[in-house]
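Me: Could you walk me through how some of the helices pack in this model? I am new to it, so please take it step by step.

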Amino acid sequence: MDSLTDSTFLPLLLKSAGFLMLVMLLWPVARRQSATLHSIFWRSAMLGLLVLGIFSLWVPILTFEWARSDAGMEAQPISDPVPLTAESPSGEWRVLELGEGWQAGVGSAGGTPVTATAAADPRLVTPLLVLWLVGSLLLAIRWIVARVRLSRLCVSEPEGSHWAGLVSECQSAVGMRGRVRVAVDSQVAMPCAWGILRPTLMLPAGAEKWDAGCQRMVLMHELSHLRRHDPLHDGIARLCVTLFWMNPLVWLAARQSRLAAERATDDAVIAAGCPSKSYADLLLQFAREAVAGRNREPVLATPMAQGSTVG
């Protein structure tokens, strides 16, 4: 526990804070670019933070394993420590006490004391480590439960053969390939997209009653999310939050990543031919409905109108 605390926990927090501070310093320059580049910027930041976390957690393990071998030979456990002796300046030999730390001098009869590096106070670090692990575990459990709940929703394919043709038409408009499942459920407050290996569009109950223009814009929006692999990158951001939840900057970065993804998706939908005025009105309508039914919003999905800024 102390080894993990000293070699991983505190350095990991400091590294994540330094990395995100650098990202925040670069953000004023990146925000002058397009929404697509904003999304790439924050995606890269979250991916880099995740790599930093995995590397920081893995390196101490590798270092420990390497330290156990010497010239390709495995170290054997020692039942009784071998006492070390050193010759004092007076010529007498004595046994070194454990932790005294002498380093033999080359070409001299004496020894040189080794200065030890002070470790972090375990009375402070260990409770922080426990708090960090508990918080990460709670977040992981919350998102796993949400994932199971989302996959077990009583979804059903909307009736009517026009959905297959409409989805195919919208896929061609946004430049997406592959099969996409369309499902409807009464617990969904607004349209959302989820799934990495099995892309799925989830529609609220009553989607059949929307007019054709509304259906087309909704499908184009959610298909643009899937084409951009937003569910995958949202999962990466959630992993970063799970690992670095004690750092407030990671929550801000994850939110910025989601907002940038929404804005880039809005630009893609408008570029595909949707009228900006009608599209903005649709987003506003769904945003109002989302506020009224926020408790029914799937945690792991990418809901429509979350962070959209079309006007």
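This is a predicted model: local features need pLDDT of at least 70, side-chain atom pairs count only at pLDDT 80 or more; totals for chains, interfaces and linings use all residues.

Me: What is the angle between α4 and α5, and why is the pair called oblique?
Reply: Angles under 35 degrees count as roughly parallel and 65 to 115 as roughly perpendicular. The helices pack at about 55°.

Me: How many nonpolar residues are in the contact of α4 with α5?
Reply: On the α4 side, the residues include Trp163, Leu166 and Val167. Among their partners in α5 are Leu219, Met220 and Leu223. The contact also has four polar and three charged residues, while its nonpolar residues number nine.

Me: At what angle do α5 and α7 pack?
Reply: Helix α5 spans residues 212-227 and helix α7 residues 248-271, with axes 9 Å apart. Their crossing is right-handed, and α5 is oblique to α7. The angle is about 120°.

Me: How many charged residues are in the contact of α5 with α7?
Reply: From α5, the contact uses Met220, His221, Ser224, His225 and Arg227. Helix α7 brings residues including Glu262, Thr265 and Asp266. Four residues of the contact are nonpolar and four are polar, and the charged ones number three.

Technical notes
Residues are numbered from 1 along each chain as its sequence is written. Side-chain values use heavy atoms; hydrogens and water are left out. Axes are lines fitted to C-alpha atoms, for helices over the stretch in contact, and angles run from 0 to 180 degrees between N-to-C directions. Helices (H or I, at least four residues) and strands (E, at least two) are DSSP runs, numbered from the N terminus. Angles under 35 degrees count as roughly parallel, over 145 as roughly antiparallel, 65 to 115 as roughly perpendicular and the rest as oblique. A crossing is left-handed if the near helix is turned anticlockwise from the far one by less than a right angle, and right-handed if clockwise. Contact means heavy atoms within 4.5 Å. Ala, Val, Leu, Ile, Met, Phe, Trp, Tyr, Cys and Pro count as nonpolar, Asp, Glu, Lys and Arg as charged, and the others, Gly among them, as polar.
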